[in-house]
Amino acid sequence: MTDEATKKIHAWMQAHESELIAFLRRLVDIDSATELRDGVETVARLMEDTMRGIGFDVTRREVAPPPEQWIYDAFMADRGDAGIAPAVECRLRGGTGKGRLLMMGHIDTAFPVGAPATNPFRIDPATKRAYGPAIADMKGGDAGIVFACRALVETGVARPEQITVIFDTDEQGGSVRSRPLIEAEARQSDWGLVTEAGRVGGEAVGQRAGIALGEIIIDGVEAHLGTGFRTGQSAIEAMCRKVIALHKLHDPDNGVLLNVGEFNGGTRRNLYAGHCVARMDIRCVDMAAWERTKASIEAIAAANDLPGTTTTLKLQQHRPPMPWTPQTRRMAELVRETGAQIGATIDTIATMGGSDANIIASQGVPTLCGLGPVGGAIMTRDEYIELPTLVERAAVLAALAHKLGTGGVEVRKHG
Amino acid sequence: MSATATPEKTASNATNALRHWLHAQRNEMLDFVHGLVDIESYATQPDGVNAVGDMLCDALGSIGYETERVRGAPLAPERKWLEEFMLPGFDRTQLGFQRVARWSGDGHGRALILGDLDTAFVPGKGFPFSIDGDRALGPGIADMKGGLTVAVYALKALQATSLNNLEEITCVFSADEQGGSLDARKPIADAAAHSDWVFCMECAREGGKLMGSRAQIGVAKLEVFGRDAHAGSAYAKGISAIEAMARKVQAIHALTDPSREIYLCVGQISGGWRRSVIPGYSMCTIDIRTPGPDAWEEVESKLRAIAGKVELPGSHSTFLIDSHRPGVQWTKKTDKLIGIAKEAGAEFGLDFGVLRSPAAGSSAFVGPMDLPCLDGMGPMGADLMTTNEHIVISSMVERATLLAATLHKLGAGAWDKA
């Protein structure tokens, strides 16, 4: 580790600030809603060309829908997607340091199609903020990866022997297609760095909850209220009983968040409902909490609380928890130290949100997230980043890569 | 053409004549109901509803009834919400016509016959007419195209046998019974205002039972508002309208009390828009059935309390309720009308039970006028609103005979003698 490398990288990044901002503007103004294949493809090609220009080998990787139709439907059914653009996988070998670093950003957005046209990139000099759809989540971080890679190459500092960058295209669709690709690459990596936005308070993220989705389908016995009250069994009544039981599992103090976010049942007001569906989001701080919660959900679904109704439960944890480990704590220290070297205070904290970092970490890879520029108001018209942190975080990212490759955190033992 | 009373015939002879005539029409009746069933006529299909109305009015017009197309009255502003509630997305001014068919003679007494042109089968959800032994299957055949056929042929029988001895027979055929009769209510009430007895052509219930009373029913719409918040990053700011609604639904269903003939059902529910967002909104619809006004008021006030309760701090709700069918009470006049109908039935070997119905239909608007009403005068039918909806074919002749013979007895003065 040498402070000289960090200084060099920071100086390079400051010298390229206007170029970095111009690149980010381009990214933000291209509409790349997950389901807008052409738009995502335009960003993918821009990334492909740019990374190739830096010296990376670039491969486009097709990502297939998950085998479970309900998982796919849960994320994409109401978005009418015409297929997903292939992911962009970039690889650069020949670093003089050790180890294999995986960096990730997603180039799709959660905004409705058309958002950039009505709310383009803009800078407010008064607040020193830049605004635009998905600027924080996470085009700012995508630009950060590109410029960190350039800085590593152009300054000639030692870097990990191999750097792989994946820009995936369905993160806002739960990464359910990209997951196998990410897992495979993670298995061959020593560290993972993901550039979702830094938290509003400026922090990076060292721990993320595991996120699961669940669907409960109840079939009742449809019958007319007036004439069929002896035979009718309301799927709505059964569902309401289960919803109340499920919400009792919500226990933030013990790292479990459970939200029934949608329900829908019945076809006519005068019939005992024959069908009711509920969808829920379950976040657990670690695998122990998840196993415990999963068992409770299964018991609630199985409970025969209204005879004559039948319940089907579908449950899948699509983002496993990302736990703190001694290695990630060490990486967080490097982030703090590097930030201090360039005049920024960067703590690393835990959140109950998920990202692709969960998937990398699930393969036993020490991973940090939240390494993009600091931003907020995500998924609103006012989504922003703190503009000074754009250069700052890109510099920290490059310096961190340098430090990892030169012994900052040991390489993994690969079985 | 106008039939005249034939007082020289004895009641029993008259019943025999009606029965004999109707028996010969069995196949024609089956063809008629087949024709009606082949027309899709959900309330939002005005062309179909009008075609069914035309078939009935053509048949009755050909035996001397004057027919007209009418429309209901606009709703009071505070009841406007019912339009969207009953037939979502449908412009009520586009409904098919309500039909009134009236025969006037120089006999005795005024009868009102009620039927519905629309069925419960939403467009595209029907199935083809078929015959399976003594059962005829089809969408809306029991509710209530079989009943319409029985009414038309009973009235034809009275004319054909010259046994129509009444002063007036009025038929009101509703175009929007499945839409809560918002439009049909006025023509029904107008006709009831100058009628003595009412018959409604719903199918006879299990075991061939008629209905002597109908529940007071209504509908409600409950909306709960919480606060949207992301389930991961902002869960503490969220207020789940789904949770609050789930608790209210339990309380609503707990008001059901079969021993008191009080039934409630949350028929439709929805809430939230994204799994990962704590839902800020939920709504449900409620169907409410009570035996009469006292129970209705009690249930309404309990529902208002449930709706108003704040389960989760910061949540609130809105609640709309309307008793759109006042129902029919079982009175001494009902007993009297049942007695006359039973007498008519006995003359050709038909006995039947009469039950208190926990449902309500077009007859519901005559209850407040204290008119004697018999509902379920149609053929025996079952499995309503399913792909097995059917009537018993042989009961069409039987029930048409019952209606015609009962009308004839009323025209012959049975009401005043009883």
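This is a predicted model: local features need pLDDT of at least 70, side-chain atom pairs count only at pLDDT 80 or more; totals for chains, interfaces and linings use all residues.
For the complex, the predictor gives an ipTM of 0.86 and a pTM of 0.84. Chain B has a mean pLDDT of 94, and 97% of its residues reach 70 or more. Residues 1–9 of chain B are a stretch where the pLDDT is below 50, and in the model this stretch has 14 contacts beyond near neighbours in sequence.

The next topic is the layout of chain A. Chain A is divided into domain 1, made of 3–208 + 322–405, and domain 2, which covers 210–319. The C-alpha centres of these two domains of chain A are 36 Å apart. Where the domains of chain A meet, 11 residues of domain 1 are in contact with 12 residues of domain 2. On the domain 1 side of this contact, helix 4 (69–76) and helix 11 (356–361) of chain A are the elements that give two or more residues. Helix 4 of chain A gives the most, with 3 residues. By type, the residues on the domain 1 side are 7 nonpolar, 3 polar and 1 charged.

Chain A also holds an open sheet of 4 strands, with the order 4-5-18-17 and antiparallel pairing. At the edges of this sheet are strand 4 (122–124) and strand 17 (375–376) of chain A; each has a single partner strand, so one side of each is left without a neighbour in the sheet. The partner at one of these edges can be followed residue by residue. Strand 17 of chain A runs antiparallel to strand 18 (residues 384–386) of chain A, and 2 bridges join them. Within this part of the sheet, A:G376 stands opposite A:Y384 of strand 18 of chain A.

From here the text turns to the contact between the chains. In it, 39 residues of chain A are in contact with 39 residues of chain B. Four elements of chain A each supply at least two residues to the side that touches chain B: helix 8 (235–247), strand 11 (256–265), strand 12 (271–272) and strand 13 (275–284). Strand 11 of chain A provides the largest share of that side, 8 residues. The chain A side as a whole divides into 18 nonpolar, 13 polar and 8 charged residues.

Helix 7 (residues 241–253) of chain B is another element to follow here. Is the distance between its ends in agreement or disagreement with its number of residues? At 1.5 Å a residue, its 13 residues should span 18 Å, and the end C-alpha atoms are 18 Å apart, so the two agree. Among the buried residues of helix 7 of chain B are B:A241, B:I242, B:M245, B:V249 and B:I252. The buried residues of this helix pack against elements of both chains: helix 8 and strand 11 of chain A, together with strand 9 (216–225), strand 11, strand 13 (281–290) and helix 8 (293–308) of chain B.

The last topic is the backbone. Most residues other than glycine have a negative phi, and most peptide bonds are trans. Which peptide bond of chain A is cis? In chain A, the peptide bond from A:D137 to A:M138 is cis, with omega near -5 degrees. A:M138 belongs to helix 6 (residues 135–155) of chain A. In chain B, a cis peptide bond joins B:D143 and B:M144, with omega about -5 degrees. B:M144 is part of helix 5 (residues 141–160) of chain B.

Positive phi values are found in chain B as well. B:S181, a residue other than glycine, has a phi near 55 degrees. B:S181 sits in the loop between strand 6 (168–174) and helix 6 (185–192) of chain B. Is B:S181 buried or exposed? B:S181 is buried, because 27 other C-beta atoms lie within 10 Å. B:M385 is not a glycine either, and its phi is positive at about 65 degrees. The loop that holds B:M385 runs between strand 17 (381–382) and strand 18 (390–392) of chain B. B:M385 counts as buried because 23 C-beta neighbours lie inside 10 Å.

How values were computed
Residues are numbered from 1 along each chain as its sequence is written. Chains are lettered from A and ligands numbered from 1 in the order in which they are written. Two residues are in contact if their C-beta atoms, placed from the backbone, lie within 7 Å. Ala, Val, Leu, Ile, Met, Phe, Trp, Tyr, Cys and Pro count as nonpolar, Asp, Glu, Lys and Arg as charged, and the others, Gly among them, as polar. pLDDT is the predictor's confidence in each residue, from 0 to 100. Domain bounds come from an automatic or database domain assignment. The expected span of a helix is 1.5 Å times one less than its number of residues. A residue is buried if 20 or more other C-beta atoms lie within 10 Å of its own, exposed if 12 or fewer, and partly exposed in between; C-beta atoms are placed from the backbone. Two strands pair if DSSP finds at least two bridges between them.
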